[in-house]
Amino acid sequence: MPASNPATIHNITLVGTSGGGKTTLVERLLLEVGAIGRMGDVADGNTVSDWTDEEKAHGHSLSVTPIHFEHNDKHVNILDTPGLTDFLGFAITSMPAVEMVAMVIDASKGVGFTSRRLMPIASDRNLPRMIIVNKIDDAQADLDGIVNQIRSTFGDVCLPINLPCDGQSRVINVFDEDHGEGKPDFSSVEEAHTRILEQVVEVSDELTEAYFENGEAGLDKAKVHEAFEKALREGHLVPICFVSARTGVGIKDLLHIFEDYCPTPAEGNPRPFVRIDDDGNEQPLPPKADPDMPTIAHVFKVAADPFVGKIAVFRVHQGTVKAKSELYFNDEKKPIRIGHLVRLNGKEQQEVDVLGPGDIGAVAKIDEITLNGVLHAHGGEHIHLKPLPMPKPMYGQAIELKNHKDEAKFGPAIHKLTGEDPTFIVERIKATKQTVARGMGELHLKIIFEKLAKQFGVQVETETPKVAYKETVTAKAEGHHRHKKQSGGSGEFGEVYLRVEPLPDDHESGFEFENKTVGGSVPKQFMPAIEKGVRMALVDGAIAGYPMQNVRVEVYDGKYHAVDSKEVAFIKAGLRAFVDAVNKAKPVLLEPFVELEITAPANNMGDIAGDLSTKRGRVLDSEVNGDTCIVRAQAPLSEIQNYSNQLKSMTGGSGSFTMDYSHDERTPPHVQAEVVAAYKPHHHDDD
């Protein structure tokens, strides 16, 4: 099968808040073009998009699903993305693959958080946008109110391109000259037509002049169409169209908009690819939809298929990808062999020989290919896409294997799962000696752990992660320990006197060690052993088992035995003397504070501020933009371990936040007392 002509391809990603009906809309589109005989239903688990076991079980899209169909001599690729906030990262990774981001909004619920988060990202990536208002047949829908809300949230560039009429039984395309007759359910055809036409002609000086001199009659239709597409590309127009995926109202007009107005790969804005030169500088490398130029293809999805292994889904931006050919991946100098190429329609795979510019396809069983990587034609070149603004995984669970015989399987399984999901990480926290899995929320990690058990046979137990406290001292103090061990043979002896004092918070290394002994009370060859013992206590902690920082140690006296003194004796004596001194030096626990930026509905701002105050948090500043507020605050990490779920509950699922480490502060006395009381020392015994 030959590659598609890039001038006849339309690539669109459907994004938006969960429940907006994206998957049902895909079903209706496939039915309309004759690709399926009957519509599936999300509740029944028989849709083309939501085909994995996890999606059927949970009743939600959980990843990006490519769909394609042929209609009116056009090849249309649709990407169905998750709307749940826990899976927002997948919607973002779909954007480099398309020329149009279509935001699907529930007519009865209005603009949701996911829409507010994704629209600016699409704009920043220079991607044309449109808004699809779905469920216009819902009795609770206020269509005029929805348009006003959209325009107040995303700007006056948002204008209806069609209007529901005759009680939502059909739609009228107000931009087309021959829009027929009918009574719109709000606004008027003439008013809507004039507003969108005037918005379009503004991008062309020639059309603007002709319009003001002779009105619409003086406009060249072909040039108006060109101006419409230019307005889309420049973000000067965001069309609003109305549909009901359930009844099919507006679907024909939506297809018409996709096929006649959305940019093709030959017309779309180039993606921000860069090449790194020999000096390490980034050089822009805008791809061109030319099949004869060197290949550039971006991998926007990776999945582990239980039957065929690893599948990498990619968009060809330049050149061609051929079956049984060789390409290079990222900056590798050794080529990888492309085996069978396929186009995907949900779980169905259609084998093809070649994929050209604008095509979306997949290749299986190539372990070297990773998410967000680039396939290209020349070995040794470092080509990559400018990083996507991925949300940071904030919700954590400490994990342990239920069966330690699974250790050999655990590492490879986690490697595969983190390779598929841009917002899932696993890290070993040295301070708490825990392995922590982090994701976007409770549901996100729940589904990850389900896949870990089902696909890889690895089960884990979870608990709330411990907080990585730090220990330090706030006063000078002295400590002493004599280590003496006699067991029949040669013994062990070492005695150490030392003092500790605090160092400034900004000290370069956070530790100083000095030999202040005189008269040979401790031979110099044992001083490294004493320092080693002190450093062991720095790692394991002296009062609560957490690493210690910002402390200076002076060894000022000691004793040794000519026969029994050994390195091991002074290691133990140094460790114990240091612990003794720390406990006298007014030790404190330091806890990590984080910077929070919380985005939520404006009417939740008071609730958020009040809740933060109960968590020992401090609001730094806040602002209100329309019906959205942004609250910036600092809070102790220990108090917001479960904040992802708490914020969702407080805001009805509409709130989100980002979090970054800020600084350390002393814990309140009652918190320190609880942590110290729970500590079980694990230093080596003297014997």
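A salt bridge is taken here as a side-chain nitrogen of Lys or Arg within 4 Å of a carboxyl oxygen of Asp or Glu. By that criterion, the side chains of E495 and R482 form a salt bridge, with an N to O distance of 3.1 Å. The structure is a predicted model, in which local features need pLDDT of at least 70 and side-chain atom pairs count only at pLDDT 80 or more, while totals for chains, interfaces and linings use all residues. Residues are numbered from 1 along each chain as its sequence is written, and side-chain values use heavy atoms, with hydrogens and water left out.

Helices (H or I, at least four residues) and strands (E, at least two) are DSSP runs, numbered from the N terminus. In these terms, E495 lies in strand β29 and R482 in strand β28, 13 residues apart, and the pair links distant parts of the chain. For solvent exposure, buried means under 20% relative accessible area, exposed over 50%, and partly exposed in between (1.4 Å probe, protein chains only). E495 is buried, at 2% relative accessibility, whereas R482 is partly exposed at 42%.

The strands β28 (residues 477-485) and β29 (residues 492-502) also hold the partners E478 and R499, respectively, which are 21 residues apart. The side chains of E478 and R499 meet in a salt bridge at 3.4 Å, N to O. Both partners are partly exposed, E478 with a relative accessible area of 40% and R499 with 28%. E478 and R499 also belong to a network of salt bridges with shared partners, whose other members are E501, E512, E514, K516, R552 and E554.

Over the whole structure, the search returns 37 salt bridges. One of them joins K223 and E206, whose closest N and O atoms are 2.6 Å apart. This pair too links distant parts of the chain, with K223 in helix α8 (residues 221-233) and E206 in helix α7 (residues 205-214), 17 residues apart. K223 is partly exposed with a relative accessible area of 35%, and E206 is partly exposed with 47%.

Attention now turns to the sheets. Strands of a sheet pair through backbone hydrogen bonds, either parallel or antiparallel; here, two strands are said to pair if DSSP finds at least two bridges between them.

L25, R28, L29 and E32 of α1 make the contact with I251, K252, L254, L255 and F258 of α9. These residues divide into 6 nonpolar, no polar and 3 charged, where Ala, Val, Leu, Ile, Met, Phe, Trp, Tyr, Cys and Pro count as nonpolar, Asp, Glu, Lys and Arg as charged, and the others, Gly among them, as polar.

Strand β17 (residues 341-345) pairs with β18 (residues 348-352) in the antiparallel sense over 5 bridges. In β18, L341 has V352 as its bridge partner and V342 has E351. The hairpin of β17 and β18 has 2 residues between the strands, and G346 takes a positive phi near 65°. Strand β17 is also joined by 2 bridges to β20 (residues 360-364), in the antiparallel sense, where the bridge partner of V342 is A362. In β17, 5 of the 5 residues are buried, so the strand is largely enclosed by the rest of the structure. L341, R343 and N345 point one way, and V342 and L344 the other way.

Notes:
Contact = heavy atoms within 4.5 Å.
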